[in-house]
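Look at the sequence and the model first.

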Amino acid sequence: MAERNLTRVTEFVLAGFAHRPVPGVVGLFLVFLSLDLLTLLGNVGMMSLIQLDPRLHTPMYFFLSHLSLLDTCYSSVIVPQILATLMSDDGLAVSYGGCAAQFFLFTVCAGTECYLLAAMAYDRYVAVGKPLLYVSAMTRGTRVALVAGAYAGGLAGATLRTALTFTLSFCDANRIDFFCDLPPLLRLTCGDPSTGETAIIFLGNFVILASGLVILVSYLFVARTILRRRTAGGRAKTFSTRASHLTAVGLFFGTLALTYLRGGSGKSLEGDKVVSVLYSVVIPAPNPFIYSLRNDQVKAALRRQTSGRAEIRTQVL
């Protein structure tokens, strides 16, 4: 075992789709490609709409534009490699440094999104609980500071977790499911990595639990404020406008919790594959549509931009 610990791993093999029947591989390729295009078009479209329409230059949409940016980064970091894996019969070889870079970028996106969703929950609490103070409380400086803090927290956590993960000793059987995520990497460790694993898992769980606690407390205060309102119609309307954020939070944190809060052992390999695909590929795709389809302001802004472009084309013709 000591000799295996000294073996230097120079590459990993992404083998999640190796030796699958050709029709199944083609189907998976089309599904992942479609989800990737949907994610890119939806999130880039949301960011563009927020930039183009002055009525969407509010704190909530400022946060939402950064959420769309992070979801776009998710897709750009993970999906191209999955598509390349599908085109390889025996799996895709990735260098040690390339795997570390992907792990770092993915972890930055995941950690930052956790903190950003917590900042959005706090924004909704201030908007509902202290509406008269909202403008003065959520100034441009405040929201920039919150977003900068989310990125700084995500960057710091990713740096530490990447350093800890890639100082572990990996076995020769260096085959990973889909991409360089934490659970498959921990499965490849040799010797007794319990101390390093504990620190890595603790850091991941801390990010999820800390940001989740902020979201939970914020929405408990929001719910209490809404329930104190006199009219049922007012309560229903306010709950409806908050449902999109809660939906995005539930999807994102639910799949992350399934992966990281269970620890590093005793998990189903096939179950891990499904969950990895969910939170890295599937979850980012519907976010812009969740926010736009349930938000009258976004739909109105889209109509204004569409009608404005139609008028310009008419004038040119």
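This is a predicted model: local features need pLDDT of at least 70, side-chain atom pairs count only at pLDDT 80 or more; totals for chains, interfaces and linings use all residues.

Residues are numbered from 1 along each chain as its sequence is written, and side-chain values use heavy atoms, leaving out hydrogens and water.

**The disulfide**
- A disulfide is a covalent bond between the sulfur atoms of two cysteines.
- Here the term is given to a pair of cysteine sulfur atoms within 2.5 Å.
- The count by this rule is one disulfide.
- Cysteine 99 is joined to cysteine 180, with an S to S distance of 2.0 Å.
- The pair links distant parts of the chain, 81 residues apart.
- Cysteine 99 sits in helix α4 (residues 96-129), and cysteine 180 in the loop between β3 (175-176) and α7 (182-187).
- Helices (H or I, at least four residues) and strands (E, at least two) are DSSP runs, numbered from the N terminus.
- The disulfide is left-handed, because the torsion about the S-S bond of cysteine 99 and cysteine 180 is about -125°.
- Cysteine 99 and cysteine 180 are both buried.
- Buried means under 20% relative accessible area, exposed over 50%, and partly exposed in between (1.4 Å probe, protein chains only).

**Other cysteines**
- Cysteine 109 is buried, at 6% relative accessible area.
- Cysteine 114 is buried too, at 2%.

**Helix α8**
- Leucine 216 lies in helix α8 (residues 194-227).
- Leucine 216 counts as partly exposed because its relative accessibility is 49%.
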